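Reader: I'm new to protein models and keep hearing about aromatic rings. Could you walk me through the ones here?

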Amino acid sequence: MFPCLRSPLHRRILRWQASKKVSTLGAAELQEKRHTLRRRIESWRAIQTIYMPCIEQVRAAYYSSQSAASSTQPTLDDTSIPAETPEVTPLFFPSSVSSSFWLTGCIPGLVDKERRLRLAQADDGLNELRRQLRISATLRDYKRVQVGGTSQRMGTRMRNLLSRFQDKTIRCAERYSAAYQALSTLDPDGHWTARLQFLDHKKDLRPPRRSEDDESRESKRELSWIWLVLREDGPPRAVASADEINDSKSLHPLWT
């Protein structure tokens with residue numbers, strides 16, 4: 001099994017494809033992004049062989065399994081990159097290869113380096129996710145109070161702005177989830193599990209305070225865990241303000 005752990009540019013291109021309409025300009029922009037990503041993958045692979053001597057064996061096994069699962073037979077060697085879709089080309093970090101390769105196929109300390117990298121990525125992704133959620137909540141408040149139904153043009157601009165921030169929020173969530181997936185493989189019982197949790201994109205991506213269309217407004221409402229975290233080097237600390245926490249009628253046991 002080869003988990004699909006991608007770089008931010010991989011995920012950005014995939015989301016761009018899913019959200020943009022097909023046009024001449026869009027196709028040209030997509031091609032430019034693919035060229036950029038392909039060059040980065042080529043540079044990455046040249047360096048990767050130094051730190052992961054097992055990588056050629058891993059790639060061969062991956063492309064062999066892909067060929068067996070597909071009716072088509074792509075022509076690939078150990079260093080080639082599928083020219084059409086570099087955004088789905090796996091990078092094969094230590095977290096995405098079998099643990100049997102960690103001792104024999106990676107230089108000493110490489111797995112721990114990725115663990116620390118992924119931990120920083122998870123923290124950064126979570127911080128940025130909270131920031132984007134706050135900004136989106138503020139924009140929705142502004143739209144409701146200042147814009148309302150006074151101007152169709154202004155309403156359209158606000159909807160487009162909110163859509164852009166929603167895309168940024170999803171990218172932050174994907175970044176955190178990728179780091180969480182890698183950490184779960186590299187260090188499943190580490191100290192990080194005491195404060196970082198699985199991110200449910202359908203339930204957890206909500207601001208700390210109630211919105212006007214909150215269905216739970218007259219019932220109990222729990223804050224998402226992303227607003228109630230444990231500091232890595234100290235006592236519990238809330239990342240939501242006191243007013244925002246008090247807005248919830250049902251608090252996390254940590255704060256009661």
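Here are some questions and answers on the rings in this structure.

Reader: How many aromatic pairs does the structure hold?

Author: Keep in mind that this is a predicted model. Two rings make a pair if their centres lie within 6.5 Å. The number of aromatic pairs in the structure is seven.

Reader: Are the planes of Tyr62 and Tyr63 stacked or edge-to-face?

Author: The two ring centres of this pair sit 5.1 Å apart, with 70° between the planes. Planes over 60 degrees apart count as edge-to-face. So Tyr62 and Tyr63 are edge-to-face.

Reader: Does Tyr62 count as buried or exposed?

Author: Buried means under 20% relative accessible area. Tyr62 comes in at 12% relative accessibility, so the word for Tyr62 is buried.

Reader: How many residues apart in sequence are the parts that Tyr62 and Phe92 tie together?

Author: Tyr62 and Phe92 form an edge-to-face pair, 5.3 Å centre to centre with 75° between the planes. Tyr62 belongs to helix H3 (residues 55-69), while Phe92 is in the loop between H3 and helix H4 (101-104). The pair therefore links parts whose separation in sequence is 30 residues.

Reader: And is Phe92 buried or exposed?

Author: Again, the cut-off for buried is under 20%. Phe92 has 3% relative accessibility, so Phe92 counts as buried.

Reader: Which residue lies over the face of Phe93?

Author: A charge can sit over a ring if NZ of Lys or CZ of Arg is within 6 Å of the ring centre. For Phe93, the distance from the ring centre is 4.8 Å, and the residue over its face is Arg118.

Note on methods
Residues are numbered from 1 along each chain as its sequence is written. This is a predicted model: local features need pLDDT of at least 70, side-chain atom pairs count only at pLDDT 80 or more; totals for chains, interfaces and linings use all residues. Side-chain values use heavy atoms; hydrogens and water are left out. Rings of Phe, Tyr and Trp (its six-membered ring) pair if their centres lie within 6.5 Å; planes under 30 degrees apart count as stacked, over 60 as edge-to-face and the rest as tilted. Buried means under 20% relative accessible area, exposed over 50%, partly exposed in between (1.4 Å probe, protein chains only). Helices (H or I, at least four residues) and strands (E, at least two) are DSSP runs, numbered from the N terminus. A charge sits over a ring if NZ of Lys or CZ of Arg is within 6 Å of the ring centre and within 35 degrees of the ring normal.
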